[in-house]
Amino acid sequence: MRSGSLQYENTRSSHAGVTAAGLSIAMALGGAGTSYAILLTAVQIIAILGLCWLVPKLADVKIAPITWAALLVLLATLLMPVFQLVPLPWALWTELPGRELAEAIRTRSGLANSASPLSLRPEATLQDLLALLPPAAAFVAVLFLDERGRMAVLRALVAVAVLNAVLGALQLAYGGAGLFAVFHSAHRGDALGLFVNHNHSATFLLIGMVASGVPRLFDGRGRTAGQWPVAVGVATLLALAVLGTTSRTGLLTLPIALLLFAYLRFPHGWRWQWGLAGALLLAAIVVGLAQTPLAQTTLARFAVVDQDGRQTFWSNTLYAIGRYFPWGSGFGTFTTIYPTIEPLDQVVVPIVNHAHNDYLELALEGGFPAMLLLAAALSLAVFAWLRALSAPPADRWQSRSLTIAAGGIVAIVLLHSADDYPLRMSAIAVPFAACLAMSFPRGRRRHARPGRPAWRWVRLVPAMAAGLLLGWQAVSMGVASFFLLRDAPGQAVRWRSGSADAWSRIATQRAIAADWSGSADAARIALERAPMDAAALRALGLAEAAAKRMDVAAQLMLLAGQLGWRDIPTQLWLIQRSNEVEDRVVVAQRADGLLRQNTQSVLLLGTLRDLLADPAGGIAVAKQLALRPPWRQAFLASLGGDGRVRGEEIAALYRQLAAAGAPADTAESAALLDGLWRAGRYPEVEAVWRAAGGEKLVGDGAFERSGSAPRGIGPFTWQAPGLLGANVGIETPDHAWQGKALLVATKSIAAGPAVRQRLVLAPGRYALRFMLRDGGKAATRPSWAMACAPAFSTDSPSLPTAWSAAQRGWVRGEARFEVGPACPAQEIRLIVTPMQGVRSLWIDEVSVARMPSK
């Protein structure tokens, strides 16, 4: 009897070690993301092996009813993607909500009346199914573990979290480059550790911090002395690492993790005095950390929280949910569905890969059944957690702390899922599932039953068969993804002949090689498996155009255009076609969509400039510019260098922008004015200046809009030519005349023009008025000079200046000059004279006014 018990203890200890090791591998490799397909495949293979070994053993343990309910929910979760892959009759499939566009594409492609699965991207749905296997294996494995085994799992979590923190610190030290940059990431420069996303790294560090608070975690033999300094040190390291990620969500939930850690580690000191002291200490720590450069960087990101697009992602996803409710679009289809509903004015360079809210994305892809399963899972988890806290063993703090820590980890991940997608990373989904399982009663060994080895084989053989099937799916899909990432779709289809992504790439490659028949065949294969593949549909449309079936090609390309603004060849084809049929609105919209992605800028800006020659085209361009796209200023600047664009066309555009409530101001018109000026188109300079809101003859005479220094370009802006011995800036002086003023600090060698501005004045007599404060004599005061275009002579004489006293140490100056018919444009210059020592003078309220004729 003792021998059997000892054998069982050894088996249980071995199972705990294997589980902890498997979870450690998943946590170390599972943060790599989809760009590292082989690593994800390795994690999935380990999960498949674990499930094949564990699932048959469920019959050998006693399982509580609530645990059976959780296993049934898990099974239903795994079966949901399977059901979405079952082919449906055409008549039934077309009745599903949201299939109108996909139906039109299949019909126009000659693929109608064939069975189709519910998922609009079956390959991605299968990938999501395989991604569920690691957390499913973790959940089942932890159900077999006793308290010591579950402690081993938390030790593994803390160990990998510490590794993640140390690696993140090294990445910060080396600027995100070199040996310690484990994975390529758009967030390089932050403390990413073992992840490609800084938010996910922060989530992992926080759950590791909570786990480190469990008593006796750092001594498996049960000694408690000396453990708390180690735990506090680990928690401090992880907290600093969270700051290194610059994650706003991580910073917001850091106090929650710290409080959970403190409660778990010091449970008996929570009297109100200690609570108050702890709160003050926590506040002091937070204030201290907030002064660090890392925290300042993170806090600065809160100032632009309204610019990261999450709110727009959520509202657009809600709209998409309404289109596909109640059955959903299929797991893994978000990147297919979102472009079809993405508003033009929200198109940016990065593709929106997730809703950044896992609950909304789940509702879109899984529909009402997925939300029902989520509600069931959360209800069971809460019930099991409360039941575990109130169970008889709960009088031991060790058991209670384990349950509280597991619940806290689950809560933090669920909280982060509200504005990100941490559960889509195996490195977080695996410990999440493991901690979720810790809330449920563990399976207990049944009494050994002699004989019946055949029954064990009956259970094992189906598990092995399912494992082989899933294993092949994981391997073939992982290798195919590996080849696709290296742009080798031909190799990918050898491993996975049904890969729509691979066939779509092949269709594009054949189109580039002008193999139009082969391109059409590959495109149809892709569309049969994924009807909303934009690249495949575009390839088929181009093949039809090459075959001179222009009506069919136009219909296919218009459908491809409805799949979003992202496919560049589709947008360019639609622009060309719309130009041919004189649909200026479509030309402007499609060009806008591409320019927002920083692509084909030179070509498209020229296309939009050409539209201005047509009144309808000008209105269409103005409508897009009124949305204030990021390319607006570049377009306005390009008008000045294009001699084909007439001044009246520019003026008409400016009037239309003003009528649309988005007038072009003088700042964004500076480059345009400069281009017109350099081309000698002076009358048009003056017209554009007026249209841009320039009301006076001098630009920014009060120096309120020129920044900290006169560094403008073009006319009607202040410029400092770099006079030797003179420093020029714009500041607010003591005893200011009115706000900011121009400061000119000169040394004895300074002589000549300190600042200048180019103007366009009609022939006539003018008075240049300004305010001066320098305290010097009239003979040493600066003066003004005026030079004419096109030569702008450097030896123009200074204008005589009349002075009069003003208040607060200021004097008023006035210089008069005359502009003749041979002077189409002018340059006014502030001339300083040499004098002993260093002096500072202030200039303000510069204006030019026309005087009556003699």
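What is the torsion about the S-S bond of Cys788 and Cys823, and is the disulfide left-handed or right-handed? The torsion is about -100°, so the disulfide is left-handed. The views below come from a predicted model, in which local features need pLDDT of at least 70 and side-chain atom pairs count only at pLDDT 80 or more, whereas totals for chains, interfaces and linings use all residues. Residues are numbered from 1 along each chain as its sequence is written, and side-chain values use heavy atoms, with hydrogens and water left out.

**View 1. The disulfide between Cys788 and Cys823.** The S to S distance is 2.1 Å, and the count comes to 1 disulfide under the rule that a pair of cysteine sulfur atoms lies within 2.5 Å. The pair links distant parts of the chain, 35 residues apart, with Cys788 in strand S9 (residues 783–788) and Cys823 in the loop between strand S12 (811–819) and strand S13 (826–832); strands are DSSP runs of E of at least two residues, and helices are runs of H or I of at least four, numbered from the N terminus. Cys788 is partly exposed at a relative accessible area of 30%, while Cys823 is buried at 4% (buried is under 20% relative accessible area, exposed over 50%, partly exposed in between, with a 1.4 Å probe and protein chains only).

**View 2. The salt bridge between Arg496 and Glu123.** The closest N and O atoms are 2.5 Å apart, where a salt bridge requires a side-chain nitrogen of Lys or Arg within 4 Å of a carboxyl oxygen of Asp or Glu. Arg496 lies in the loop between helix H19 (489–495) and helix H20 (500–512) and Glu123 in helix H6 (residues 122–143), so the pair ties together parts that are 373 residues apart in sequence. Arg496 is buried, with a relative accessible area of 12%, and Glu123 is buried at 16%.

**View 3. The salt bridge between Glu686 and Arg690 in helix H31 (residues 682–691).** The closest N and O atoms are 2.9 Å apart, and the two residues are separated by 4 positions, about one turn of the helix. Glu686 is partly exposed at 27% relative accessible area, as is Arg690 at 31%.

**View 4. Helix H16 (residues 397–416).** The 20 residues of H16 should span 28 Å at 1.5 Å a residue, and the end C-alpha atoms are 28 Å apart, which agrees; the expected span is 1.5 Å times one less than the number of residues. H16 is mostly covered, since 17 of its 20 residues are buried.
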